[in-house]
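Visitor: I am new to this structure. Please take me through a single part of it, slowly enough to follow.

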Amino acid sequence: MSEKKRYFIENIWYAAAWEYEVAETENKLARTICETPLVFYKGKTDNYIALDDRCCHRAAPLSIGRVEGNCIRCMYHGMLYNENGQVVEIPGQVRVSKSLKVRSYPVVAKGGMIWIWMGDPELANENDIYDFPPLSDKVNWRGFDKGAYLHYDANWLLIVDNLADFSHVAFVHANTLGGSEAYAYSTQAENIQKGEDGFSMERWDRDSASPPFHAKVIPNEELGNTVDRANIIQMRLPGVFLMETLFTPVGWKEKDGRENVREYRNCQFMTPETRNTTHFFWNYLHNWEIDNSAISASLKESLLEGFMEDKVFIEGQQKLLERSPDFVPRSIAADEAFAHFRNKWGRRLRAEDEANPLAHKENKRTIL
Ligand code: FES
Ligand SMILES: [Fe+2]
């Protein structure tokens with residue numbers, strides 16, 4: 001008998017794919033989210049549709065099927081599904097039972113990202129998606145032409161933990177995003193605001209040298225100056241990270257205005273593929289010399305270098321945790337933010353589980 005345990009909040013929006021990913025693969029994309037294989041495709045009015053990627057006939061993947069307007073045809077025996085997942089045609093058969101269908105999911109495109117709602121469609125409200133305005137603001141912000149994607153062999157909450165404690169920047173990223181180990185000693189999370197859907201906080205590093213990723217893209221005459229560096233972070237359920245980074249003259253205050261401030265915006269969306277693997281989407285935007293594509297290219301290279309440094313640690317944790325189910329973590333003060341996040345995530349999960357317990361049903365008609 002298979003184990004039935006709920007691992008994922010369902011009544012929430014997940015980042016599913018950059019729009020270009022669907023466009024680049026003949027307007028259909030196979031992607032597993034929350035251990036559910038899905039097919040995403042583009043309909044006739046550039047609308048996005050998401051269905052279970054498993055034909056209800058003999059379980060062929062619909063993602064190797066053919067998009068026909070708002071429908072997708074299973075290319076095994078030709079059954080045609082509409083955007084609601086209903087079979088509307090069976091070649092050579094007159095009557096089509098209404099019970100022939102697969103599940104369809106609410107999807108919305110915002111800021112170049114396709115978001116999916118894995119739970120009760122009646123509860124889906126697209127205003128609940130954490131919109132990140134710089135992603136859509138081509139006048140003031142320049143990011144990568146194509147949002148970036150990484151695949152992690154790790155549970156997404158390990159990536160949330162990583163982003164919730166920037167003291168790691170000092171050690172993991174000493175030569176890339178951080179700059180020195182001093183960052184861990186001389187800076188602290190400040191102004192931690194805890195809410196039902198996550199937390200926000202700031203970290204200021206005052207009067208210090210520009211870290212390598214920033215030093216590579218600023219004019220030479222600024223290189224000798226020390227700066228105040230601020231990372232202002234929001235982390236929202238299920239795994240949405242939005243960050244404002246400022247490099248300001250030393251002693252700067254908001255009332256001084258932002259003319260002499262160099263600013264970045266960063267989004268990172270962590271979406272569980274399975275309980276042990278994660279889709280990781282990100283972009284990094286700046287707001288000066290936005291026509292100079294070399295800046296964006298350098299930032300992408302630096303950030304990717306930094307993320308690969310994180311990945312070594314995070315995937316290393318995952319491997320060790322899988323091998324040591326009895327491991328009990330010990331806490332330190334810096335865990336406050338992610339402990340809160342995990343607490344809120346756990347409560348939402350339990351509430352959904354109590355409202356709608358997963359029942360194990362024996363399948364007497366398995367075809368394997
Ligand atoms: S498996 Fe899809 S039509 Fe038969
Ligand atoms: Fe990191």
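Guide: The buried residues of H2 are Trp156, Leu158, Ile159, Val160, Asp161, Asn162 and Leu163. A residue is buried if 20 or more other C-beta atoms lie within 10 Å of its own, exposed if 12 or fewer, and partly exposed in between; the C-beta atoms are placed from the backbone. That makes seven of the eight residues of H2 buried, and the helix mostly covered.

Some background first. This is a predicted model: local features need pLDDT of at least 70, side-chain atom pairs count only at pLDDT 80 or more, and totals for chains, interfaces and linings use all residues. Residues are numbered from 1 along each chain as its sequence is written, while chains are lettered from A and ligands numbered from 1 in the order in which they are written. Helices (H or I, at least four residues) and strands (E, at least two) are DSSP runs, numbered from the N terminus.

Now the partner. H2 covers residues 156-163, and helix H6 covers residues 293-323. Their axes come within 10 Å and cross at roughly 135°. Axes are lines fitted to C-alpha atoms, for helices over the stretch in contact, and angles run from 0 to 180 degrees between N-to-C directions. H2 and H6 are therefore oblique to each other. Angles under 35 degrees count as roughly parallel, over 145 as roughly antiparallel, 65 to 115 as roughly perpendicular and the rest as oblique.

Which residues touch? H2 brings Leu158, Ile159 and Asn162. H6 brings Asp310, Ile314, Gln317 and Gln318. Contact here means that the C-beta atoms, placed from the backbone, lie within 7 Å. By class, the contact has three nonpolar, three polar and one charged residues. Ala, Val, Leu, Ile, Met, Phe, Trp, Tyr, Cys and Pro count as nonpolar, Asp, Glu, Lys and Arg as charged, and the others, Gly among them, as polar.

An α-helix has 3.6 residues a turn, so residues three or four places apart point the same way.

Look along H6 next. H6 has 31 residues. From first C-alpha to last it reaches 44 Å, close to the 45 Å expected at 1.5 Å a residue; that span is 1.5 Å times one less than the number of residues. Buried residues of H6 include Asp310 and Ile314. H2 is one of the elements that cover the buried residues of H6. Others among them are helix H3 (168-172) and strand S12 (148-152).

Technical notes:
Contact = placed C-beta atoms within 7 Å.
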